[in-house]
Amino acid sequence: MLDDFVLQTILPSTHDLGGFKVHRTLPNKERTMVGPFLFFDQMGPAHLEIGQGIDVRPHPHINLSTVTYLFDGAIDHRDSLGTQARIEPGAVNLMTAGHGIVHSERSPDDERAEGPNLSGIQTWLAMPEAVEEIDPAFEHVTKAQLPTIEAHGARSRIIMGSLWGQTAPTTTYSGTIYADIALDPGASVPIDAAAEERAIYLAMGEATLEGVKLEPQVLYVLRPGISATLRSAHGGRAMLCGGDAFTTPRHVWWNFGSSNRDRIEQAKRDWNAGNFPKVPGDEKEWIEIPAIPKTVSYP
């Protein structure tokens, strides 16, 4: 039975953003975090019309790090540090918000000209209280820099942390595991019990855990200490995420995440007052704070 291996099943909330859908499993009323992961979004898969694209206007973050990972398509990132970086499938964009950063994400012009594809995962990670207010930073890790383990018809790329005897170079601020698992028909991969908290997410295709079928766009939080085998008869794509459990709660409101509710209130005031830095080359637009945000935590 699935309950022998799965502690909790988190169903997604799905939002249609016009041309593509986003499936969000964290934060959720049933659970706020898995290890440091406090936000988990799947974008697409989608193919947009020629001339269209995504335009996520400049917006702020504090006290967390964002991780963007694509299966298909490309996104141009700009931030208030002056960073300009294009992310493509298999690479990682890690943005550390620290005491405050502003960024935008837009489809590149060459992708728009052909009708862009969009498919990937965006996550936010909580930061330990001692480093929540560090200076903002940005890190791009190429596909070639990330270790990939190929065995039994599976290709497992380690995005963050250490798994299967290999370690990704991506910066981590607490114990973190994160991997992209591509399963050919008939493939299998072991899910070991090393991390304190772990979850499996089937992004596309088909897979089973110990012979029990997994549903796409659902986050399966695994029981601590269990080992299991992920298999696919027909092919699939899954994400493994988790890490050390946080001993203090984290609060999320809109794009702000912190251990301190008062810090989030201050960030709201600062954004409304224009006290955050601008994004060079993308200063003309911004996202206003919503009256009722779609992203909130449930402590």
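I began with the buried residues of helix α2, which pack against β5 (55-61), β10 (101-106), β25 (251-253) and β26 (256-258). Buried here is under 20% relative accessible area and exposed over 50%, with a 1.4 Å probe and protein chains only; contact is heavy atoms within 4.5 Å. Helices (H or I, at least four residues) and strands (E, at least two) are DSSP runs numbered from the N terminus.

The model is predicted: local features need pLDDT of at least 70, side-chain atom pairs count only at pLDDT 80 or more, and totals for chains, interfaces and linings use all residues. Residues are numbered from 1 along each chain as its sequence is written, and side-chain values use heavy atoms, with hydrogens and water left out.

Entry, helix α2. I listed its buried residues as R263, I264, A267, K268, D270 and W271. They lie on the same side of α2, because their arc around the axis is only 165 degrees, taken from the directions from the helix axis to the C-beta atoms. On the other side I found D262 and N272 exposed.

Entry, ends of α2. At the start, a side-chain oxygen of N260 comes to within 2.8 Å of the backbone nitrogen of D262. After α2 comes G274, with a positive phi near 75 degrees.

Entry, the sheet. I traced β5 into an open sheet of four strands, ordered β5-β10-β7-β8 with antiparallel pairing. β5 and β8 (84-87) each have a single partner strand, so one side of each lacks a neighbour in the sheet. β5 and β10 pair over five bridges, where pairing needs at least two DSSP bridges. I noted P60 opposite V102 in β10.

Key
A polar contact is a pair of N or O atoms within 3.5 Å; within protein, one must be able to donate a hydrogen and the other to accept it, and residues adjacent in sequence count only if both atoms are side-chain atoms.
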